[in-house]
Amino acid sequence: MDDLIRLAREMQARAYAPYSHFPVGAALRSADGSIHGGCNVENAAYPEGLCAEASAIAALVGAGHRHIVECVVTGPGPQPITPCGGCRQKLREFASDDLPIHLCGPDGRHRTVTLGELLPLSFGPQHLARP
Ligand code: THU
């Protein structure tokens, strides 16, 4: 987990958040053990901004991976942040309910929750499977 926290912090330091002043970092471990990070990238057209988790997912998929087995999210304040609703659904595409999500503040890990706890009864790819 320490490697993920380190990467998430590096990413958080590179966040582009001139509007919210709320830099976020995320790091994901793929099933093969490789790790991939992302940061939030805001935009003058506010809704076009990208969350850190979404940017980390894009890095993981762009590197050829499809399955997320561990996730770290780091926020700037003392209070750890949880992935927003949209990011929970984005994670769901590539992870199962038991995905551990480590919620971290500047001083390290505060709490670990699972994706299933954050997004119960989720809609996922299996719902689109043809009978
Ligand atoms: N943000 C993330 O990057 N991930 C989350 O899960 C919550 C929010 C970003 C979006 C925006 O750039 C800033 O935090 C304030 O909402």
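**Fold and strand pairing in a predicted model**

Read along its sequence, the protein chain follows the pattern α-β-β-α-β-α-β-β-α, with helices (H or I, at least four residues) and strands (E, at least two) taken as DSSP runs numbered from the N terminus. This is a predicted model, in which local features need pLDDT of at least 70, side-chain atom pairs count only at pLDDT 80 or more, and totals for chains, interfaces and linings use all residues. Residues are numbered from 1 along each chain as its sequence is written, and side-chain values use heavy atoms, leaving out hydrogens and water.

Biologist: Is strand E3 mostly buried or exposed?

Modeller: Buried means under 20% relative accessible area, exposed over 50%, and partly exposed in between (1.4 Å probe, protein chains only). Strand E3 covers residues 68–74. Of its 7 residues, 6 count as buried, so defined: E3 is mostly buried.

Biologist: In which sense does strand E1 pair with E3?

Modeller: Two strands pair if DSSP finds at least two bridges between them. Strand E1 (residues 25–30) and E3 share 6 bridges, and Gly-25 stands opposite Thr-74 in E3. The sense is antiparallel.

Biologist: Which residue of E4 stands opposite Thr-74?

Modeller: Strand E4 spans residues 100–105 and runs parallel to E3, joined by 4 bridges. Opposite Thr-74 stands Cys-104.
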